[in-house]
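I opened this notebook to record what I looked up in one structure. The entries follow the order in which I checked things.

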Amino acid sequence: MHITHATVPGVGTVHHLDTREGDRLAVIVSRAGQHSLVLYDRTDPDTPAHTVELDQQEADQLADLLHSRPLADRLSEIERRIASLVPEARR
């Protein structure tokens with residue numbers, strides 16, 4: 001995937017993503033913390049076909065779904081690693 005980032009004055013940051021399959025989408029993060037997912041028309045990659053507005057909680061939930069492992073699993077793994085580094089006497 002090819003990703004580019006740009007700051008849009010007065011709006012926030014736009015992250016354009018081009019997939020190996022030729023799809024194009026963007027994630028817009030406004031200065032107010034709003035998130036938008038923009039899907040582009042495959043026949044015209046400069047024309048947005050659909051925009052999905054997400055609040056902070058929705059954006060966090062979507063990000064968690066897209067991770068290779070859920071957040072709770074990653075935290076448990078980190079806790080296990082930390083526990084293995086701490087000698088028994090200190091626990």
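**Entry 1**

By about how many helical turns are Glu-77 and Arg-81 separated in helix α2? I note before answering that the model is predicted. Glu-77 and Arg-81 are separated by about one helical turn, because they are 4 residues apart in helix α2. I then looked up the contact between them: Glu-77 forms a salt bridge with Arg-81, and the closest N and O atoms are 3.1 Å apart.

I checked Glu-77 for a further partner and found Arg-80. This pair is also a salt bridge, with 2.9 Å between the closest N and O atoms. Arg-80 and Glu-77 both sit in helix α2, at a spacing of 3 residues, again about one turn of the helix. I therefore logged Glu-77, Arg-80 and Arg-81 together, as they are linked in a network of salt bridges, a salt bridge being a side-chain nitrogen of Lys or Arg within 4 Å of a carboxyl oxygen of Asp or Glu.

Arg-80 has a relative accessible area of 51%, so it counts as exposed. Arg-81 is exposed as well, at 55%. The cut-off matters for this entry, because exposed means over 50%.

Which residues make the nonpolar surface patch? I listed Leu-71, Leu-75, Ile-78 and Ile-82, and the patch they make has an area of about 360 Å².

I looked up two of the members individually. Leu-71 is found in helix α2, which covers residues 71–85. Its relative accessible area is 42%, so Leu-71 is classed as partly exposed. Ile-78 is placed in helix α2 too, and with a relative accessible area of 46% Ile-78 is also partly exposed. Patch members need over 30% relative accessible area and no salt bridge, and I note that the value for Leu-71 is 42% and that for Ile-78 is 46%.

I took one distance from this patch to another helix residue. Ile-78 and Leu-62 are 16 residues apart along the chain, and their C-alpha atoms are separated by 22 Å.

How many salt bridges does the structure hold? The count is 4. Besides the pairs in Entry 1, I looked up the one between Arg-42 and Asp-23, where the closest N and O atoms are 2.9 Å apart.

Asp-23 is partly exposed, at 34%.

Asp-23 and Leu-75 are 52 residues apart in sequence, and C-alpha to C-alpha they are 32 Å apart in space.

**Entry 1: the largest pocket**

What is the volume of the largest pocket? I recorded about 240 Å³. The lining consists of Leu-17, Leu-25, Val-27, His-35, Ser-36, Leu-37, Leu-54, Ala-59, Leu-62, Ala-63 and Leu-66.

I sorted these residues by element. At least two come from each of β3 (24–30), β4 (35–40) and α1 (56–66). The largest share, 4 residues, is supplied by α1. I then sorted the lining by residue type: 9 are nonpolar, 2 are polar and none is charged.

**Entry 2: two further positions**

Arg-20 is placed in the loop between β2 and β3, the loop that also holds Asp-23. With 81% relative accessibility, Arg-20 counts as exposed. I looked up its distance to Met-1: the two are 19 residues apart along the chain, and 5.8 Å separates the C-alpha atoms of Arg-20 and Met-1.

Thr-7 counts as exposed, at 59% relative accessibility. Between the C-alpha atoms of Thr-7 and Val-29 I noted 9.7 Å, for a separation of 22 residues along the chain.

Conventions
Residues are numbered from 1 along each chain as its sequence is written. This is a predicted model: local features need pLDDT of at least 70, side-chain atom pairs count only at pLDDT 80 or more; totals for chains, interfaces and linings use all residues. Side-chain values use heavy atoms; hydrogens and water are left out. Patches are made of residues with over 30% relative accessible area and no salt bridge: like charges are joined within 9 Å, nonpolar side chains (Val, Leu, Ile, Met, Phe, Trp, Tyr) within 5 Å. Accessible areas come from the Shrake-Rupley method with a 1.4 Å probe; for residues, only the protein chains shown count as cover. Buried means under 20% relative accessible area, exposed over 50%, partly exposed in between (1.4 Å probe, protein chains only). On a 1 Å grid over the protein atoms alone, a cavity is a set of points where a 1.4 Å probe fits but cannot get out, and a pocket is an open set with protein on both sides within 12 Å along at least five of seven lines; lining residues have an atom within 4 Å of a point. Grid points are joined across faces, edges and corners, and a volume is the space filled by probe spheres set on the points. Ala, Val, Leu, Ile, Met, Phe, Trp, Tyr, Cys and Pro count as nonpolar, Asp, Glu, Lys and Arg as charged, and the others, Gly among them, as polar.
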